[in-house]
Amino acid sequence: MHDYDLLVVGSANADLVIGVDRRPRAGETVLGSDLAVHPGGKGANQAVAAARLGARTALLARVGEDDHGRLLLDSQRTAGVDTAGVLVGGAPTGVALITVDPSGDNSIVVSPGANARLSPGDIRASARLLAAARVVSLQLEIPLETVAEVVRTATAGFGDRPGPRVVLNPSPPAPLPTDVLAACDPLVVNEHEARFLLSDGPAGSSEDPEVWAEALLSRGPRSVVVTLGGEGALVADRDRTVLVPSLAVPVVDTTGAGDAFTGALAWRLGLGDELEDAVRFAVRVGAAAVTRAGAQASFPDAGEVAAL
């Protein structure tokens, strides 16, 4: 019996958000809206997204002993996330500086802070959380060596019990070790992440998401999901490739939509959904998330997804 449908191992940041008429060019200053502070970070976002949908979710992360850290812990607990794995101290809480333009598009700069101190030793000390989860979801706002330790622990299993299924969104993108790629089921990428991972070959210059998916699969992951914004998502494994269309919705703010998608996807996989079915559900969650401002504040519950 697993205690958690989903364990998220990743970042927790305070999102400092400013609305702008347009994002500044190099050397340029533009005026923006009043500063808004929201709980965020890719790991924390995924955990809240899944918990709000009804998942039994835990978060393994590190925050600072400061106001931003307390904000993040409160947000997780309010959503129903188990925060027993959230470590406190070592550095200030991570911060993301976000500008959002009138179309809802955003630009983000992250100061990792305590996220950079989440170590392989922290993972080894928290092995019980991995053993208790059906699926573990990862991103790259924590050290790559820490991600690799999670993968090693998950693939090794726990005696006669297999480890959790691994879902990885390589954001911000970085070169991935072979053993990490081989464990991904799925590897979840957007256009920018796909192009980065494929930049050393001809597929990186292609405009065709099917080409990206095929090329990524050749590098080892068990399955690949390419998110395409308003176009939906492409699902690919060794047997087939399927385009899952999105819904037409008014876009207010895309911040956190990819995290809502991935958190929902990972949860549905933990419930036993086939990958295509999980993606169909996650596309609806991502669509709902862009209709409101903010990251975690925009994430829907199950009723709101059903109403779309």
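A residue counts as partly exposed when its relative accessible area falls between the buried limit of under 20% and the exposed limit of over 50%. In this predicted model, Val37 has 41% relative accessibility and therefore counts as partly exposed. Val37 belongs to strand 3 (residues 36-40).

Among the buried residues are Lys42, Gly43, Ala44 and Leu53. The length of helix 1 can be checked too: at 1.5 Å a residue it should span 16 Å, and its end C-alpha atoms are 17 Å apart, which agrees. Just after the helix, Gly54 takes a positive phi of about 120°.

Attention now turns to charged side chains. Side chains of opposite charge can pair when their charged atoms come close. The whole structure holds 17 salt bridges. One of them joins Lys42 to Asp259, with the closest N and O atoms 3.6 Å apart. Lys42 lies in helix 1 and Asp259 in helix 9, so this pair ties together parts that are 217 residues apart in sequence. Lys42 is buried at 18% relative accessible area, and Asp259 is buried at 5%.

Other salt bridges lie within a single helix. In helix 2 (residues 67-79), Asp67 and Arg70 are three residues apart, or about one helical turn, and their side chains meet at 2.7 Å, N to O. Here Asp67 is exposed at 57% relative accessibility, while Arg70 is partly exposed at 44%. In helix 10, Glu276 and Arg280 are four residues apart, again about one turn, and their closest N and O atoms are 2.8 Å apart. An α-helix has 3.6 residues a turn, so residues three or four places apart point the same way.

Helix 10 also takes part in an aromatic contact. The count of aromatic pairs comes to one. The ring centres of Trp267 and Phe281 are 5.9 Å apart and their planes meet at 70°, so the pair is edge-to-face. Trp267 lies in helix 9 (residues 257-270) and Phe281 in helix 10 (residues 275-289), so the pair links parts 14 residues apart in sequence. Trp267 is buried at 7% relative accessible area, as is Phe281 at 18%. Arg268 lies over the face of Trp267, 5.0 Å from the ring centre, and its charged end also sits over the ring of Phe281, 5.0 Å from that centre.

Conventions:
Residues numbered from 1 in each chain as written. Predicted model: local features only at pLDDT ≥ 70, side-chain atom pairs only at ≥ 80, totals over all residues. Heavy atoms only, no water. Helix = DSSP H or I, 4+ residues; strand = E, 2+ residues; numbered from the N terminus. Buried < 20%, exposed > 50% of the residue type's maximum accessible area, 1.4 Å probe, protein only. Phe/Tyr/Trp six-rings, centres within 6.5 Å; stacked < 30°, edge-to-face > 60°. Lys NZ or Arg CZ within 6 Å of the ring centre and 35° of its normal. Expected span 1.5 Å × (residues − 1). Salt bridge = Lys/Arg side-chain N within 4 Å of Asp/Glu carboxyl O.
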